[in-house]
Amino acid sequence: MKALLINGSPREGGNTSELVKQFMNAACGKADIEEVRIFGKDISGCNNCGTCQKTILREHCTISDDMSDLYPKFISSDLIIFASPIYMWQFTPCTLAFINRLHCLCWSSDLEYNEMAGKSMAVLITSSDAEDAADLAAAGLREFCGFFSISYKGDLRIPFAGKSRISSGEYDGEIREFIGRVFR
Ligand SMILES: Cc1cc2nc3c(=O)[nH]c(=O)nc-3n(C[C@H](O)[C@H](O)[C@H](O)COP(=O)(O)O)c2cc1C
């Protein structure tokens with residue numbers, strides 16, 4: 001199985017990246033997983049030019065930015081795992097921009113063309129408030145998956161997140177349980 005982990009945290013050594021590190025260590029051998037940090041990459045939101053909804057574009061999108069390198073990685077992956085802190089009850093702007101730009105991988109009117117169908121998705125989330133701080137973001141991703149025939153494997157939420165607690169092994173059980181769900 002090929003998996004792509006999209007890390008949307010701006011902080012390289014922060015809570016989410018520490019959670020990603022723990023996840024990658026625990027998931028070692030389960031799949032061929034590539035992590036891509038997207039903060040700082042040039043990824044703009046969809047501009048609704050509509051071109052991708054009338055034809056299948058060889059380059060996928062008319063916007064020429066760093067998504068050009070990410071589309072082939074996305075398309076060749078069976079499983080996409082997002083990792084994001086919660087910012088204002090949502091995923092980070094770069095994570096949302098990435099998800100926006102998946103628009104060109106299907107015709108959303110009739111889904112006659114849908115390169116996302118049959119893939120799986122899951123998400124690692126950190127927040128400074130309680131678990132329900134992630135409700136809106138997780139629900140949005142679940143809806144997205146349902147609409148585009150992607151299997152949603154769920155989320156792992158680390159509320160009241162702190163790097164030292166994440167690195168201490170406190171969440172090893174939850175991470176193992178999440179891995180069990182994701183790679184089932
Ligand atoms: C702009 C901004 C908005 C945030 N909004 C929320 C929020 O709505 N709910 C919440 O629980 N935490 C919120 N947080 C806290 C982060 O989600 C939390 O500290 C997270 O673990 C940071 O992850 P990182 O170390 O990977 O950056 C926010 C942080 C920032 C910087």
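Strand β1 (residues 2-7) is largely enclosed by the rest of the structure, because five of its six residues are buried. Buried here means 20 or more other C-beta atoms within 10 Å of the residue's own; exposed means 12 or fewer, and partly exposed lies in between, with C-beta atoms placed from the backbone. Strands (E, at least two residues) and helices (H or I, at least four) are DSSP runs, numbered from the N terminus. This is a predicted model: local features need pLDDT of at least 70, side-chain atom pairs count only at pLDDT 80 or more, and totals for chains, interfaces and linings use all residues. Residues are numbered from 1 along each chain as its sequence is written.

β1 has two strand partners. Six bridges join β1 to β2 (residues 32-37), and the two run parallel. Ile 6 stands opposite Val 36 in β2. Five bridges join β1 to β3, again in parallel. Here Asn 7 has Ala 83 of β3 as its bridge partner. Strands count as paired if DSSP finds at least two bridges between them.

β1, α1 and β2 make a right-handed β-α-β unit. Right-handed means that, with the strands pointing away from the viewer, the path from the first strand over the helix to the second runs clockwise.

Helix α1 (residues 15-26) also gives the largest share of the shell around the ligand, three residues. In total, 17 residues surround the ligand, and the closest are Gly 14, Thr 16, Pro 85, Ser 127 and Asp 129. A residue belongs there if its C-beta atom, placed from the backbone, lies within 6 Å. The shell divides into seven nonpolar, eight polar and two charged residues.

Now turn to helix α6 (residues 172-182). Its buried residues are Ile 175, Phe 178 and Val 182. The face turned away carries the exposed residues Asp 172, Gly 173, Arg 176, Gly 180 and Arg 181. The cover over the buried residues includes α1, β3 (79-85), β4 (120-126) and β5 (151-158).

Two loop residues deserve a look. Most residues other than glycine have a negative phi. Met 88, not a glycine, has a positive phi of about 50 degrees. Met 88 is found in the loop between β3 and α3 (93-100). With 10 C-beta neighbours inside 10 Å, Met 88 counts as exposed. Ser 149 also has a positive phi, about 55 degrees. Ser 149 sits in the loop between α4 (135-147) and β5. Ser 149 is partly exposed, with 13 other C-beta atoms within 10 Å.

Conventions:
Ala, Val, Leu, Ile, Met, Phe, Trp, Tyr, Cys and Pro count as nonpolar, Asp, Glu, Lys and Arg as charged, and the others, Gly among them, as polar. Two residues are in contact if their C-beta atoms, placed from the backbone, lie within 7 Å.
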